[in-house]
Amino acid sequence: MANILVVDDDPDIVELVSLKLRSSGHAVTAVGSGEAARDALAADHGFDLAVVDHMMPGMTGVDLVRLLRAEGSHLRILMLTARSQERDVENGFTAGVDDFMTKPFSPRELAARITSILARR
Ligand SMILES: [Mg+2]
């Protein structure tokens, strides 16, 4: 069981991801923007992992990850995005994500990847 922060501006994605992760036994908090994610992470240091969208109004997911890493955060981050170009994947990993998945996605694969990331550290 982990505390997971879901960051996505699409309510349908938030619902799908939250439902799957909760059914896998995780506690889920969801926010709709990078700015709200920063506030949530500042207020609660108990998050084990974040699932982060890239394209959001305001701060992008890559900007958010870059900022968190610059602040020294070791939060595990999985980027979940419709941006699937090689360059987008590369930008995500360069910013500091631990894993990257593209939409449309398999909720089962997402849960499996999260289990794997959580088991390694
Ligand atoms: Mg989005």
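Helices H2 and H3 cross with a right-handed sense. Their contact draws on Gly-34, Ala-37, Arg-38 and Leu-41 from H2, and on Leu-64, Leu-67 and Leu-68 from H3. The model is predicted.

**Helix packing**
- H2 spans residues 34–43, and H3 spans residues 61–70.
- The two helices pack at an angle of about 30°, and their axes lie 9 Å apart.
- Angles under 35 degrees count as roughly parallel, and H2 and H3 are therefore roughly parallel to each other.
- By class, the residues of the H2–H3 contact comprise 5 nonpolar, 1 polar and 1 charged.

**Largest pocket**
- The volume of the largest pocket is about 190 Å³.
- Its lining consists of Arg-38, Leu-41, Ala-42, Asp-44, His-45, Phe-47, Leu-68, Glu-71, Ser-73 and Leu-75.
- H2 gives the most to this lining, with 3 residues.
- The lining divides into 5 nonpolar, 2 polar and 3 charged residues.
- Arg-38, Leu-41 and Leu-68 line the pocket, and these residues also take part in the contact between H2 and H3.

**Cis peptide bond**
- The peptide bond running from Lys-103 to Pro-104 is cis.
- Omega for this bond is near 0°.
- Pro-104 sits in the loop between strand E5 (99–102) and helix H5 (107–120).

Note on methods:
Residues are numbered from 1 along each chain as its sequence is written. This is a predicted model: local features need pLDDT of at least 70, side-chain atom pairs count only at pLDDT 80 or more; totals for chains, interfaces and linings use all residues. Side-chain values use heavy atoms; hydrogens and water are left out. On a 1 Å grid over the protein atoms alone, a cavity is a set of points where a 1.4 Å probe fits but cannot get out, and a pocket is an open set with protein on both sides within 12 Å along at least five of seven lines; lining residues have an atom within 4 Å of a point. Grid points are joined across faces, edges and corners, and a volume is the space filled by probe spheres set on the points. Helices (H or I, at least four residues) and strands (E, at least two) are DSSP runs, numbered from the N terminus. Ala, Val, Leu, Ile, Met, Phe, Trp, Tyr, Cys and Pro count as nonpolar, Asp, Glu, Lys and Arg as charged, and the others, Gly among them, as polar. Axes are lines fitted to C-alpha atoms, for helices over the stretch in contact, and angles run from 0 to 180 degrees between N-to-C directions. Angles under 35 degrees count as roughly parallel, over 145 as roughly antiparallel, 65 to 115 as roughly perpendicular and the rest as oblique. A crossing is left-handed if the near helix is turned anticlockwise from the far one by less than a right angle, and right-handed if clockwise. Contact means heavy atoms within 4.5 Å.
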